[in-house]
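This briefing is for a reader meeting the structure for the first time. Look over the sequence and the model below, then read the points by topic.

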Amino acid sequence: MVDAVIELQADTRRKYKIIDGVPKLSEIRYFAMPSPIACGYITHTSIGPDKPLEILVIDSEPSYPGCMVPSRVVGYLEMYKNGEEDFRVISVSDLNPRYNEIQSLSDLSIFTLNEIKQYYVNYGKLHNCDINIVRYHAREEALELVKERTVFYSKEENSSH
């Protein structure tokens with residue numbers, strides 16, 4: 001299980017950045033397709049300077065920007081954005097009993113997996129980004145990715161974040 005901080009609710013076009021613990025509107029996405037799944041980041045991870053590992057959280061209820069959702073990792077999507085490797089960890093809300101049986105990507109519908117891919121392809125077209133979807137990776141690989149990208153903070157450093 002990981003802690004996901006939500007920045008973009010499912011079925012909306014408003015994205016927030018969490019600044020000093022407060023959600024600040026950072027973007028209103030102008031394309032017709034809203035995000036099919038809540039998006040955010042995994043706490044204490046990094047894939048580059050000021051860039052935490054991003055996560056998608058599947059849930060049946062909305063999760064509001066800034067809230068932390070305990071999430072069960074089921075896989076990840078590998079892609080390239082403007083030539084740079086990028087990842088989206090795929091998860092389900094660990095507290096929602098509707099998802100108790102979902103443990104891996106194969107437990108999700110093909111429709112859901114295709115919808116996620118299509119969202120990022122459309123995002124790239126409308127933002128003049130070159131998005132190249134590589135493939136989905138299994139749960140075990142996703143957990144290894146999260147482990148590799150976890151950043152440990154001392155108590156002194158953590159108290160200032």
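**Briefing**

T112 is found in helix α1, where helices (H or I, at least four residues) and strands (E, at least two) are DSSP runs numbered from the N terminus. The model is predicted, so local features need pLDDT of at least 70 and side-chain atom pairs count only at pLDDT 80 or more, while totals for chains, interfaces and linings use all residues. Residues are numbered from 1 along each chain as its sequence is written, and side-chain values use heavy atoms, with hydrogens and water left out.

- T112 counts as buried at 19% relative accessibility; buried means under 20% relative accessible area, exposed over 50%, and partly exposed in between, for a 1.4 Å probe and protein chains only.
- Not counting residues up to four places away in sequence, T112 touches I37 and I58; contact means heavy atoms within 4.5 Å.
- Y99 sits in the loop between β7 and α1, and Y99 is buried, with a relative accessible area of 13%.
- Leaving aside neighbours within four places in sequence, Y99 is in contact with I58, D59, S60, R72, V92 and S93.
- Y99 and R135 are 36 residues apart along the chain, and their C-alpha atoms are separated by 23 Å.

**Pockets**

- A pocket, on a 1 Å grid over the protein atoms alone, is an open set of points with protein on both sides within 12 Å along at least five of seven lines, whereas a cavity is a set of points where a 1.4 Å probe fits but cannot get out; lining residues have an atom within 4 Å of a point.
- The largest pocket holds about 950 Å³ of space, a volume being the space filled by probe spheres set on the points, with grid points joined across faces, edges and corners.
- The lining of the largest pocket comprises 33 residues, and E7, I18, Y41, D50 and P52 lie nearest its centre.
- At least two lining residues of the largest pocket come from each of β1 (2–8), β2 (14–19), β4 (38–42), β6 (68–81), β7 (84–93) and α1 (110–126).
- With 4 residues, β2 gives the most to the lining of the largest pocket.
- By residue type, the lining of the largest pocket has 13 nonpolar, 9 polar and 11 charged residues; Ala, Val, Leu, Ile, Met, Phe, Trp, Tyr, Cys and Pro count as nonpolar, Asp, Glu, Lys and Arg as charged, and the others, Gly among them, as polar.
- The second largest pocket has a volume of about 180 Å³.
- Its lining has 13 residues, of which A10, D11, P36, D59 and E61 lie nearest the centre of the second largest pocket.
- The lining of the second largest pocket divides into 7 nonpolar, 3 polar and 3 charged residues.

**Cavity**

- The structure holds 1 cavity of 30 Å³ or more, and the largest cavity has a volume of about 30 Å³.
- S35, P36, I37, C39, L56, I116, Y119 and Y120 line the largest cavity.
- α1 gives the most to the lining of the largest cavity, with 3 residues.
- The lining of the largest cavity has 7 nonpolar residues, 1 polar and no charged.

- β2 and strand β3 (residues 22–28) run antiparallel and are joined by 6 bridges; two strands pair if DSSP finds at least two bridges between them.
- K17 has K24 in β3 as its bridge partner.
- The hairpin formed by β2 and β3 has 2 residues between the strands, and D20 in the turn has a positive phi of about 50°.

**Helix α2**

- A142, L145 and V146 are buried in helix α2 (residues 139–148).
- Seen down the axis of α2, these buried residues fall within an arc of 95°, so they line one face of the helix; the arc is that of the directions from the helix axis to the C-beta atoms.
- The buried residues of α2 pack against β1, β4, β6 and β7.
- Exposed residues E140, K147 and E148 are carried on the face of α2 turned away from its buried side.

**Loop residues with positive phi**

- H44 lies in the loop between β4 and β5 (54–58).
- Phi of H44 is near 60°, a positive value in a residue other than glycine, and H44 is partly exposed, with a relative accessible area of 35%.
- N128 is found in the loop between α1 and β8 (131–137).
- Phi of N128 is near 50°, again a positive value in a residue other than glycine, and N128 counts as exposed at 71% relative accessibility.
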